[in-house]
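Thanks for making time this morning.

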Amino acid sequence: MALFFKTLTRTLRDGLILVALACLFTNQATASEPPEAAFPAFPAEYGEVVFHRVGENQQQVYIIGQSHRSSRTGLNGSDTVRVQSEIYRIGEWLIREKEVGLLLPEGFFQKTQKGPEAAIDRESFSFDNPTLHQKLSDTRRFVNADMLLNASYNIRLAQVEDEELYRNVGALLRQMRYHPLTDPCELELVQEQRTAVMLQNIPAAVEKAFGCGEIENRKAMFTIGMAHMPELLGFLEKDNRTNYASLRLLDQGYGVTVILPRTLAETYPGPLSDN
């Protein structure tokens, strides 16, 4: 029965995911004080805080919902530039106000270094709105808010993706694209596992960067596509457990704040990423 529900949810996700998110947000509000009350300083014009739990010893992960360019065409959707601009503003606010020094992008794979290299410290700067929109609108090359945050702020990048799961998801998506009647159950299960594994990998990525002296505190932001959000919030709400294991993130005392960019918070469901 659970497997049937997951299949139906993915098939009709534009409608049903909204219901799932609404229920999760309602449960969070009744379980404790509203997220906006617990995180009062966050600027509402950038986005909406939908989940907030304070960590121990200043350990905090900020999860930001993403809207990607199409992986098939490389083109922006109707709201992609606006959402990416909001993600950039959210990110720079977290860097400035919360001293976040580590960025964990979905789909990012750390390049293997041949030997130890000193980190390059750059003077931070902020893109003004016209420049930001121009860069995000240019489809001649791939660019997103994560890359621009890395370019304009001295923020480190780290990987939480499992490459095998990432490749498996891509292969299943391509298979379904050319064979629409393919049973989506396998894709649903692999995507759920991928979401869980990314969450499980966050503490190790943060601890590694902190232990190497790349960041000054145990604070990070994690950007992830909205298609993962119902599962992700479900893991956070469901007694600190995924279907695979207890969440190390919470077991190790990390707090979690989940933020939806303003456009996604107001217009969701909208065009979703296919990855």
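Predicted model: local features only at pLDDT ≥ 70, side-chain atom pairs only at ≥ 80, totals over all residues.

The crossing of α7 and α8 is left-handed, meaning that the near helix is turned anticlockwise from the far one by less than a right angle, with clockwise giving a right-handed crossing. Helix α7 covers residues 163–178 and helix α8 residues 185–211, where helices are DSSP runs of H or I with at least four residues, numbered from the N terminus. Their axes lie 10 Å apart at an angle of about 155°, the axes being lines fitted to C-alpha atoms over the stretch in contact, and angles running from 0 to 180 degrees between N-to-C directions. That makes α7 roughly antiparallel to α8, a label for angles over 145 degrees, while under 35 is roughly parallel, 65 to 115 roughly perpendicular and the rest oblique.

On the α7 side, the contact (heavy atoms within 4.5 Å) involves L165, Y166, N168, V169, L172, L173 and M176, and on the α8 side E186, L187, V190, Q191, Q193, R194 and V197.

Residues are numbered from 1 along each chain as its sequence is written, and side-chain values use heavy atoms, leaving out hydrogens and water.

Turning to the other pair, α4 (residues 80–97) and α5 (residues 129–137) have axes that come within 10 Å and cross at roughly 125°, and α4 and α5 are therefore oblique to each other. Here α4 passes α5 in a right-handed crossing, with V81, Q84, S85, Y88 and R89 of α4 meeting N129, L132, H133, L136 and S137 of α5.

Terms used. Helix = DSSP H or I, 4+ residues; strand = E, 2+ residues; numbered from the N terminus.
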